[in-house]
Amino acid sequence: MNSMEILSNYKIENCVFWVGAGISRPNPTALPLGWDLTKFALKETCGESVQNKVFEIWGNANQLAQTSMDNPTPLGTIPRLESILGEIDDVQKKLIGHKFNFLNGFSAFPEAPYNQNHFHLANLLHRGATIVTTNFDLCIQKAYFDLTNAKDQLTPELENGIYLYTSQSNNTVGNLWHIHGISKEITSLGATVRKVKEGIPQSFQQYLDKIFDEGKLVIFLGYSASDSFDVNIYFQNNLSVAKSNAIFIQHGDTKPSHGTASIGKGFKDFIIENHDTTVFLGAVSKTQARVNQAAFDWKNSFEKHIIPDEKGITRDFLTCKMANMFGISIDKIKPSAYQNSFQIEKYYETLDFHKTLAIVQRTRGDAKTEMLHDTTVKTKDSDLLGYYYAQGDDKKALEYAKSIHDLIFEADKFNTELDWSTYTSMSAHCRPLVTKQLKSPFAKPSQDDLAKIKKLIKLTDILGNRPLSNVRFINQIATALRFNFIFKAIIGINDMNQEKTILHLYGEGASIVGFVSAFRDVATKNYFLAKHHRDRSLFRDAQKYADKSYRLANLIGDHSGMKRATRLINLFKVLSPLYW
């Protein structure tokens, strides 16, 4: 059956319309899709030159990072918007005595007029449909007000950060849920990774479980299926959706994203059809939309609502923050940004200021200046754990790391948020053992080493499978999983699923340097598997991934990444004629 035939078997009140940014793209609403907003955010906060260089490097990195033609953009077509907005938000919050608020620009979105899509959805809501939206605008509410001739105005209820608008008319109840907040309340917006990684609140998950248990039909419209930290996780892991059918409307002749398949696999039946979204909605709602206004100029309105940086001191520091997130050397995008960042020092939180510039210098390969920044803000020797680990001083790092016993105790606490101190301590225990095995190409692990490996497999498994809401940064999860698959490889286990998870996490976190590390560790993993199974094809894979790691590190100017990849490449050159 096609979508309209399926719909004919359901009453409107038994339908859930799950809608995204594509609904608000047509005129006169004309609000941006993720691509446009990402470009705008980078340009406004870091400058057009930085934006252009980042996008050029991003495109080249995608080509180098490809592992199969099935996914030509493993990093994502563009950097994830929520990652970029997260860095901007972080700077906003840590400024002292200086006003700057880019995210306040979203306050312009309620000014946007509704379009035909919103009018059709308002009609469906009036007839008892459930609508779930990831959009920040209030266009459906505006359309509903006009639809009912101002007789029925929707008012919101707030529960756990989710806004609910209820329509009660004609003996039917329709619900409109804003799961990522509304632009009238900037603090509610699910616009940053830190916000969305908290996941869908338990109370709303229970509501969804109930409606899917009832077998309601879900129709996805104008939706990219790219909410990897909350929506996608819910649909992938929830068994109740197996009782419901779903229709995914792909606009025009565009192709579904990788996320589309992941959210669809749990449904009883899941069909994807290409349609003009407005035409499809009109056919479902069976109404004529009354829309006749000029297109909304969202950029101009957004800019008017931004609280500007009148001193002009945030741009270069934000450029450094973005460079660190991507893992790109500042020399590749704006060499003067490091020195210019000192303008912000007296207006900014001291710890984050020096930690940010320390990472800039680490990527550059300037260990001396990195150390100066780190020692400026250290209060105890253990604060230098990250510095010693990054410099490859495993002995010194291990002195300051928490014990494995204490780490396992911390990892078992699922109601707390762990930061890098836990994961760097974990790494300080893991890396010396990996290095030891690499330096012993012809020897099997000793019994003592095997005992420690099994203990570290347990630790990295626990830390690598924490909910995203229980870690400060998503890259922490990827770090634990990398060591986990290496240790498994040493004892002959090849965990391919973890590779995919790790690369996915780094892509979602907009981390090119994450791919540099992941490819280096995939090379290490394949080498250990080749050694264990006497498999030359795995050895060739190890050589291939070491080379990919080096070329990617070279592209972004990651000196540490180039050194580490070079050591592996040289090791494999020596072993190639001797070992097989």
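Me: In what order do the 8 strands of the open sheet run, and with what kind of pairing?

Reply: As a general idea, strands of a sheet pair through backbone hydrogen bonds, either parallel or antiparallel. Here the model is a predicted one, in which local features need pLDDT of at least 70 and side-chain atom pairs count only at pLDDT 80 or more, while totals for chains, interfaces and linings use all residues. Residues are numbered from 1 along each chain as its sequence is written, and side-chain values use heavy atoms, with hydrogens and water left out. The open sheet has its 8 strands in the order 3-4-5-2-1-6-7-8, and the pairing is mixed. Strand 3 (156-159) and strand 8 (269-275) are the edge strands, each pairing on one side only, and from one strand to the next the twist averages 20°. Strands (E, at least two residues) and helices (H or I, at least four) are DSSP runs, numbered from the N terminus, and two strands pair if DSSP finds at least two bridges between them.

Me: In which sense do strand 6 and strand 7 pair, and over how many bridges?

Reply: Strand 6 (residues 217-221) pairs with strand 7 (residues 245-251) in the parallel sense, over 4 bridges. Leu 221 has Ile 249 in strand 7 as its bridge partner.

Me: Which strands does helix 11 lie across?

Reply: To read such an angle, note that axes are lines fitted to C-alpha atoms, for helices over the stretch in contact (heavy atoms within 4.5 Å), and that angles run from 0 to 180 degrees between N-to-C directions. Helix 11 (residues 277-285) lies across strand 1, strand 6, strand 7 and strand 8, and runs at about 150° to strand 6. Helix 8 (residues 202-213) lies across several strands, including strand 5 (172-178), to which helix 8 runs at about 135°.

Me: Which residues have the most contacts inside the largest nonpolar core?

Reply: A nonpolar core is a set of buried Ala, Val, Leu, Ile, Met, Phe, Trp, Tyr and Cys residues joined through side-chain atoms within 4.5 Å, where buried means under 20% relative accessible area (1.4 Å probe, protein chains only). The largest one has 160 residues, and Phe 17, Ile 88, Phe 102 and Phe 487 have the most contacts inside it. Leaving aside neighbours within four places in sequence, Phe 17 is in contact with residues including Leu 121, Ile 219, Leu 221 and Val 284.

Me: What percentage of the 580 residues count as buried?

Reply: Of the 580 residues of the protein chain, 57% count as buried.

Definitions and conventions: Buried < 20%, exposed > 50% of the residue type's maximum accessible area, 1.4 Å probe, protein only.
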